[in-house]
Amino acid sequence: VYMLLDNIQNLSGQLSGAPQLSIFLKSDTDKATIERLKLHLKQHPKIANFQFISKKDALKQLEKESKLADALNSLTRNPLPDAFIIDAKDTSPETLKKLRTEMLEWPSSEYVQLDSTWMKRLNALIKLGKLVILILTILLSSALIIITFNTIRLQILTKHDEIEVSKLIGATSNFIRRPFLYFGAIQGMAGGAIAWIIVA
């Protein structure tokens, strides 16, 4: 279950709905500045890929997807800004927050929107799941130790007569204990091997 949660956490960063950063540029940003930004984003080590959406394309998309075509046509100027939609390499909330803070400091950046609410919730649920697994692991490990000791104790009881005879002929306590300790070690190794096979 721990491996399943870990894989879900890794997979969440590769989903189509992975959190994105949207940079909205200032209205007076010229084409030369936009080209420099494109080059900077392409070379940025924390950015996987990006998409530029011009204010003209954004208005067309808004007209297409909304029922406000008439209202938009009556506008004297395009109120929408040029924007970049960015996919980060690392989608952890901490990294995205730092990246957003960095982008807000860029001179041509008016506003940076971070879509990470669902990612924070998912990470919180995964952390809770891992905590539950840790508690279960401690409980199951304790139960396993108790069961192993009880099994060895039962083995000792079944061999009670043999132990008494061995002591009478001079066997030491260590000599008598050794087979039971070996049996416990073999049980532990067998359990570990079975667990490894299941996980593999």
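Predicted model: local features only at pLDDT ≥ 70, side-chain atom pairs only at ≥ 80, totals over all residues.
Me: What makes up the secondary structure of the chain, and in which order do the elements run?
Reply: The chain has eight helices and four strands. Read from the N terminus, the order is α-β-α-β-α-α-β-α-β-α-α-α.

Me: Why is S22 called buried?
Reply: The relative accessible area of S22 is 12%. Buried means under 20%, so S22 with its 12% falls in that class. S22 is found in strand β1. Not counting residues up to four places away in sequence, S22 touches F84, I85, Y111, V112 and Q113.

Me: What makes β1 a largely enclosed strand?
Reply: Four of the five residues of β1 are buried, and therefore the strand is largely enclosed by the rest of the structure. For β3, five of the six residues are buried, and that strand is mostly covered.

Me: How do you know that β1 and β3 are paired?
Reply: Two strands pair if there are at least two bridges between them, so the number of bridges decides. Four bridges join β1 to β3, and the two run antiparallel.

Me: What makes the largest nonpolar core a core, and which residues touch the most other members?
Reply: The name requires buried nonpolar residues joined through side-chain atoms within 4.5 Å. The largest such set has 15 residues, and L21, I23, L41, F84, I86 and M103 touch the most other members. β1 (21-25), α2 (31-43), β3 (83-88) and α5 (93-104) each give two or more residues to this core. In soluble globular proteins, nonpolar side chains tend to be buried together.

Me: Which residues are in contact with I86, leaving aside its neighbours within four places in sequence?
Reply: They are Q20, L21, I23, L41, I47, N49, F50 and M103. Contact here means heavy atoms within 4.5 Å.

Me: Why is the pair E35 and K38 called a salt bridge?
Reply: The closest N and O atoms of E35 and K38 are 3.6 Å apart. The cut-off is 4 Å, so the pair qualifies. By this rule the count comes to one salt bridge. Both residues lie in helix α2, three residues apart, about one turn of the helix. Side chains of opposite charge can pair when their charged atoms come close.

Me: Why are E35 and K38 classed as partly exposed?
Reply: The class lies between the buried limit of 20% and the exposed limit of 50%. E35 has 47% relative accessibility, so it counts as partly exposed. K38 has 23%, so K38 counts as partly exposed too.

Me: Why is G184 called buried?
Reply: G184 has 14% relative accessibility, and the limit is under 20%, so G184 counts as buried. The residue is found in helix α8 (residues 173-199). Leaving aside neighbours within four places in sequence, G184 is in contact with T148 and I152.

Me: What makes up the nonpolar surface patch of about 980 Å²?
Reply: The patch is made by L125, L128, L131, V132, L134, I135, L136, I138, L139 and L140. Members of a patch need over 30% relative accessible area. One of the members, I138, has its place in helix α6 (residues 117-158).

Me: How many residues of the chain count as buried, and what is the accessible surface?
Reply: Of the 200 residues, 25% count as buried. The accessible surface comes to about 14,700 Å², and 62% of it belongs to carbon and sulfur atoms. Among contacts between residues at least 6 apart in sequence, 77% join residues at least 24 apart.

Conventions: Residues numbered from 1 in each chain as written. Heavy atoms only, no water. Buried < 20%, exposed > 50% of the residue type's maximum accessible area, 1.4 Å probe, protein only. Areas by Shrake-Rupley, 256 points an atom, 1.4 Å probe, with all protein chains shown as cover. Salt bridge = Lys/Arg side-chain N within 4 Å of Asp/Glu carboxyl O. Patch = residues over 30% accessible without salt bridge, like charges linked within 9 Å, V, L, I, M, F, W, Y side chains within 5 Å.
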